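Subject: Structure handover

Hello,

Here is the structure we talked about. Please open it alongside this email, and my notes follow below.

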2 protein chains.
Amino acid sequence: MTSPVIKIDPALDLVLEREIDVPVELVWKAWTTPEHLREWFAPKPWAITDCSVDLRPGGVMNFVMRSPDGQEFPNTSCYLEITPFERLVMTDTLQAGYRPSANPFFTAVVEMARHGSGARYRAIAIHGDAATRQKHEEMGFHDGWGTVLTQMVDYIKAGHMQR
Amino acid sequence: MTSPVIKIDPALDLVLEREIDVPVELVWKAWTTPEHLREWFAPKPWAITDCSVDLRPGGVMNFVMRSPDGQEFPNTSCYLEITPFERLVMTDTLQAGYRPSANPFFTAVVEMARHGSGARYRAIAIHGDAATRQKHEEMGFHDGWGTVLTQMVDYIKAGHMQR
């Protein structure tokens, strides 16, 4: 399921891989629909207070994460590649319309592939240098992305989504 | 010929527009073929000493510009959108495989459209803030991009390219 253009460098990148027992169609929908994203995309007790999706290359996902003590953190990520049920590539180095952003951090690749009745799932964080990778790891990449993936699977299994 | 996702902001962006009397097919080829790019893409007496093109989203154009006194300046720009004979979008905020770059500067949009026997041509430099736009303008955006466009048209008219 790897895109040939994306080369993972263990010294620079972070990877989360897991087999999950929900179908790729619902994983895709969970990732690309604002009303679903806000239910699982922040590790509880953090929350998503606002979310919008303009699902096309150069369009953006905007979302606001709220900490348990009420601080709000707005985020923007520009979509680069959109391959339904397979791969989503987005980056916070760009804003809407490919405008360079003030605080570039990483490119995210979310890959999924049918596997039995469920899916193989992989999230890759691509960084520009080893220091940024380390910072992201220390911020809790594996815990954070692992927790929200579990939340997504639970949310799908709870039957909140129609295919 | 404007992409609906790209919003030009006069306070942040720079635009060069010109009608040229060469066909879009050859403009496209001049922009996407290393052996042609090296002949026109640096304003003489600057030169391109090395150039490679991996023409796919996430692929890059690598090139080295050499100053008249022999200093070499390597550049990498990642392709984002490739619409033959219409639009090329690339950014130096990303390297190969969408990896964030160390020195993000701008996103370039090159647009062309058939116009009589020639073409309308537009180059847009999209910046993250007004200071970067100003820096790019002071570096000579209009002269530089205008000069190389003239060089490209002259190169095409000289018959160096086959359609």
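In which hand does H1(B) pass H4(B)? The crossing is right-handed. Keep in mind throughout that this is a predicted model.

**Helix pair in chain B**

Start with helix H1 of chain B, residues 24–32. Its partner is helix H4 of chain B, residues 141–157. Their axes come within 11 Å and cross at roughly 115°. From H1(B), the residues in contact are B:Leu26, B:Val27, B:Ala30 and B:Trp31. They meet B:Trp145, B:Met152 and B:Ile156 of H4(B). By class, this contact between H1(B) and H4(B) has 7 nonpolar residues, with no polar and no charged ones.

**Helix pair in chain A**

Now look at chain A. Helix H1 (residues 24–32) and helix H4 (residues 141–157) of chain A have axes that come within 11 Å. The crossing angle there is roughly 115°. H1(A) and H4(A) cross in a right-handed way. H1(A) brings A:Leu26, A:Val27, A:Ala30 and A:Trp31 to the contact. H4(A) brings A:Trp145, A:Met152 and A:Ile156. Of the residues in the contact of H1(A) with H4(A), 7 are nonpolar, none is polar and none is charged.

**Where the chains meet**

How many residues of chain B are in contact with chain A? There are 28, and they touch 28 residues of chain A. The two chains bury about 2,000 Å² between them. Carbon and sulfur atoms carry 60% of that area.

Polar links are there too. Between chain B and chain A, 10 residue pairs are in polar contact, counting pairs with both residues at pLDDT 80 or more. Two strands of chain B, E4 (72–83) and E5 (87–91), each give at least two residues to the side that touches chain A. By class, that side of chain B has 14 nonpolar, 8 polar and 6 charged residues.

**Salt bridges**

Side chains of opposite charge can pair when their charged atoms come close. Over all chains, the whole structure has 16 salt bridges. Between chain B and chain A the count is 2. A salt bridge joins the side chains of B:Asp13 and A:Arg99, at 2.8 Å from N to O.

Another to look at is in chain A. The side chains of A:Arg122 and A:Glu111 form a salt bridge at 3.0 Å, N to O.

**Backbone points to check**

Which residues does a cis peptide bond join in chain A? They are A:Lys44 and A:Pro45, with omega at about 15°. A:Pro45 is in the loop between helix H2 (34–40) and strand E2 (47–53) of chain A.

Chain B has a cis peptide bond between B:Lys44 and B:Pro45, with omega at about 15°. B:Pro45 lies in the loop between helix H2 (34–40) and strand E2 (47–53) of chain B.

Last, go to A:Tyr98. A:Tyr98 is not a glycine, yet its phi is positive, at about 70°. Look for A:Tyr98 in the loop between strand E5 (87–91) and E6 of chain A.

Best wishes

Terms used
Residues numbered from 1 in each chain as written. Chains lettered and ligands numbered in written order. Heavy atoms only, no water. Axes fitted to C-alpha atoms, helices over the stretch in contact; angles between N-to-C directions. Helix = DSSP H or I, 4+ residues; strand = E, 2+ residues; numbered from the N terminus. Left-handed = near helix turned anticlockwise from the far one by under 90°. Contact = heavy atoms within 4.5 Å. Nonpolar A, V, L, I, M, F, W, Y, C, P; charged D, E, K, R; others polar. Buried area = accessible area lost by both parts, 1.4 Å probe. Salt bridge = Lys/Arg side-chain N within 4 Å of Asp/Glu carboxyl O. Polar contact = N/O pair within 3.5 Å; in protein donor to acceptor, adjacent residues only side chain to side chain.
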